[in-house]
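Keep the structure open beside you as you read.

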Amino acid sequence: MKKILTIIVLLCIGLTGLVAQQVQISGTVTGVDDGQPLPGVSVSVKGTTIGTVTNLDGKYSLQVPEEATVLFTFVGMVPQEIAVGNRRIIDVAMQESAQEIEEVVVTAMGISREKKSLGYSVQSVSSGEIARTSETNVINSLASKVAGLQVISSGGVPGASSKILIRGNSSFTGNNQPLIVLDGVPIDNSTRSTVAGDYPFNPILEGVNNSNRALDINPDDIESVTVLKGPSAAALYGARAANGAIIYTTKRGGLGVPKVVYGITTELNTVGRLPEEQTKYAQGTLANGYLPGRTVQSWGPAISSLDGVRTYDNTKDFFETGIAVTQNLAITGGNDKNMFRASIGRLDQNGIVPNSDFNRTSVRLNADSKITDAFTASASMSYTNSNSTKVQNGSNTSGIMLPLMRAPVSWNLSDWQNEDGSSNNYVSSYDNPYWTAYNNPFKDDINRFIGNLILQYDVMSWLKASYKVGADVYTDRRKQIFALNSNAYPDGKIEEHDVTSKQFYQDVIISANRTWMEKLSTSLDLGGNLTHNYLGELYGRGQQLLTPNFYSMSNAVDLYTDDHEETIRSSALFADLHLSWDRYIFVNFTGRNEWSSTFGRSKNNFFYPSVSGSFIFTEFIPQKNILSYGKLRAAWATGGNSPDPYTSKTLYVKPYYADGFTDGNSFPYLGLGGFAYNNIIGNANLKPEKSIETELGLDMSFFHNRLGFEFTWYNKKTQDILVNTPKAGSSGFRSITANSGSMRNRGIEILLNASPVKRSGFEWSVNVNFTRNKNEVLTLADGVDEIDLESAFTSIASLAIKGDAYGALYATAWERNNNGQLIIGSNGLPKVSVQRKNLGNPFPDWTAGLRNTFTYKGFTLSALLDIRQGGMLWCGTVARMNQLGRTAESADRERTFVVPGVKEDGTPNDIEVSAYNYFVNYKGDGPLSATENAVFEGSWIRLRDLSLSYRFDLKNSWFKFVEVSFLTRNLWLKTDYPGVDPETSLAGAGSNLNGFDYFNNPGTKSFSFGLKFGIL
């Protein structure tokens, strides 16, 4: 760490000699209407990155090259350009603009466009918005800020993954997350589980929450994020664009003497929402009374009736206050020929679960050089090392939440270890959560390099050529330990999993820009790209450990290993034609023809076109004080989702047999190896899954851009979805993979921005986003009635069924009459339907985000309200806790209950049932229950973040500014959901399952304090 920092500092000192001869200018910027000073005005040298902003008094001071032209810009104001000449004091009066600010955004393939020229919806998030959330995972920093985008966290433990979806799901079992692009190069954002080749079950239902690899990006290095919301925006990415793309752009250098910015943030994390527990009754059963250490049930007598037995708050005592310290140091500088930015960041995070942590060190260097007047080069290089200790999760007897939330209140979990080192717990079938946290850790260590080089040559004033090459290479070394005497593996177990990922990318683009007849502007980008992706995984397992606390494969009797390799190569030719007439009519055409090794052998290339246009209709309306800007837009495009590698071929596999309860048997068996044909036939006619999207929009602003909105309607149909179609058993195969399914997403997105108050240095701004998406499965395949997205629990499944929403939760349900009333049997309990039923869609009906920001003389107060309506979740946690008598609700057990409904003859039910029967079989998951009673709506209103900051601008000081900030996340949550925070996912980002909560790790509340210093 110290060596790296020393190298960066020496590099920056060496580059100070590159600064050219400069002069000092200063002045005051005011509003032309009221003469009031304007803080925050951008003052920059045209054509360079030299710049500053005005202070609270509207004043600025800046060193500029001789003969420079200075550009003054401010949101809602007309930009001004002033030549410096012999002037050293330049005062400026700015006038409000009646036109939309000509915002420039980065689109597909790194092509920049004015936002007003786009015929499709894109949305940008600034570095300030990212910093305001103080998230360690850049994916989480987008939550509730972008219309059409949903972030699903898997839990509050360090390093846990986060899933991101844009405009719903496009594939049944394939990838549904968007492409992640960093500085113009696609990067890996996968989430991989550690699982043996002979393991027959779904590993994501237990184990740990593995990280998504965007976690390796340091949020402090991000300058801006552009979200391309679907094929209409991302069609140039072809077979990776069905789910949209997220374009991250990192911060770069600036002109002038080196500037140093150092920031440190300390964050405290506490456990968030948890199921409410009863504290009145002891461990035991109705029949046998108090049974300490002998049963998982809490149906024993009242603790107050037992001598020497006390109540323990095990849940509160178990969770700790997690502490995270983040430090970032950045140095920027350069001259009109060479610029650089070097940064180093360090995160040290301890979790709320004992012995859980996440640590990340990231180093980045961005450099730009003007080699000649026509030839420029830009380079970005980053190295990240991250490591973590993760804890067990979910349906896991050696997990954390399962034994913790079932623990009787009369048992002291903190006395967790016996004298011989084994687990001391309230029942022998579970590990004590303290014991498993310290004895069954999962550790990973990731080393990652991401870099790119961009060369550009200006052939003529209207013609340029660029070449880009990029690499994303990482290794991920994992080790999972299960100590001797752990419940899941009494003889002990070691798993080692090494992952190597290599992605290489290069493209060549020739760009031409010409203006004809003064009004017709054209630009044409022609290019091609090559990609090469390699993934290698080596898994090793050792069981039956000989010596305690010696976790080496040499200490294991039973050894197993397997490996996996895959390579994907693709190439493409693409074109982007942009036409503009008098800057009020814009039309854009793109086309990409792509060849990929994952396509079938009968046709290995496919074409992806798009067309979009926009019309600025306010150009034909006389200037008014009410309507400032108006644009109509429309777009049509296709995008793709590639098949998994090697699915076009029939492969040999190691066969295995499992009974659903044990790990079963597989080769090698009795010392003999063996392979057999896979029971799924490869298909040489495979095509990519294709999404076709139509989008219409209207953008308007009023009152000199003080009020504005963007409205978007979209209709995206995905066809040729890959489905395993059944084959006759006589063929020797079970199914064949074929392009035969289809699905549709339709919805609306609304963005609203307003500045209700802007006066005398005080400003109040409001930003609202609203999303409503409706998904429907249209077709499957002949002979296929349903598709199980992934194997889950016997009690509930997430399915794709024609006419339903994708991922609908199907499980047993209560019988009801035509009026929807429960039909009660003679035992006083509702009758269970013979057929499974659709119990709801795990995705919300609509979502909204509301941001209020107040600024005044250096103070900034901001709050983000996050709203979700609808979305069903299976809370298996609370259902099991009800059965065991652990919920607060189940403490009401000194009476009988009558389940509301009607008897089989239609009369109102009046049959009383015992409290035990009521909570075990009606509220719980007992043998007579239906899973319907455990499915709840996951609506919420939450205060996503609340921040307060103050910036001191210092004059004539070595320190240029000091910024102090305070932030809270998830401080307040209103929901009727009975489990943990409903923003949860048992399966994590590496799965298409949603809406499952079975002893998930809880979310967190965060409180952080930050300091940032600007030096030189």
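Arg942 has a relative accessible area of 0%, so Arg942 counts as buried (buried means under 20% relative accessible area, exposed over 50%, partly exposed in between, with a 1.4 Å probe and protein chains only). Arg942 belongs to strand E53 (residues 940–953) and Asp866 to strand E47 (residues 859–869), 76 residues apart. Strands (E, at least two residues) and helices (H or I, at least four) are DSSP runs numbered from the N terminus.

A word on the source: this is a predicted model, in which local features need pLDDT of at least 70 and side-chain atom pairs count only at pLDDT 80 or more, while totals for chains, interfaces and linings use all residues. Residues are numbered from 1 along each chain as its sequence is written, and side-chain values use heavy atoms, with hydrogens and water left out.

The count comes to 48 salt bridges, and three of them are set out here.

| Salt bridge | N to O distance |
|---|---|
| Arg816 and Glu932 | 2.5 Å |
| Asp216 and Arg213 | 2.7 Å |

Arg816 sits in the loop between strands E43 (808–811) and E44 (823–824), and Glu932 in the loop between H8 and strand E52 (935–937), so their pair ties together parts 116 residues apart in sequence. Arg816 is partly exposed at 38%, whereas Glu932 is buried at 18%. Asp216 and Arg213 are both buried.

How many aromatic pairs does a search of the whole structure find? The search finds 35, where rings of Phe, Tyr and Trp (its six-membered ring) pair if their centres lie within 6.5 Å, and planes under 30 degrees apart count as stacked, over 60 as edge-to-face and the rest as tilted. Tyr426 and Tyr430 have ring centres 6.2 Å apart and planes at 70 degrees, so this pair is edge-to-face. Phe897 and Tyr918, with centres 4.1 Å apart and planes at 10 degrees, are stacked. Phe897 lies in strand E49 (residues 896–897) and Tyr918 in helix H8 (residues 915–921), so the pair joins parts 21 residues apart in sequence.

Finally, a sheet: four strands in the order E3-E2-E5-E6 form an open sheet with antiparallel pairing (two strands pair if DSSP finds at least two bridges between them). Within this sheet, Val43 stands opposite Phe72 in E5.

Note on methods. Salt bridge = Lys/Arg side-chain N within 4 Å of Asp/Glu carboxyl O.
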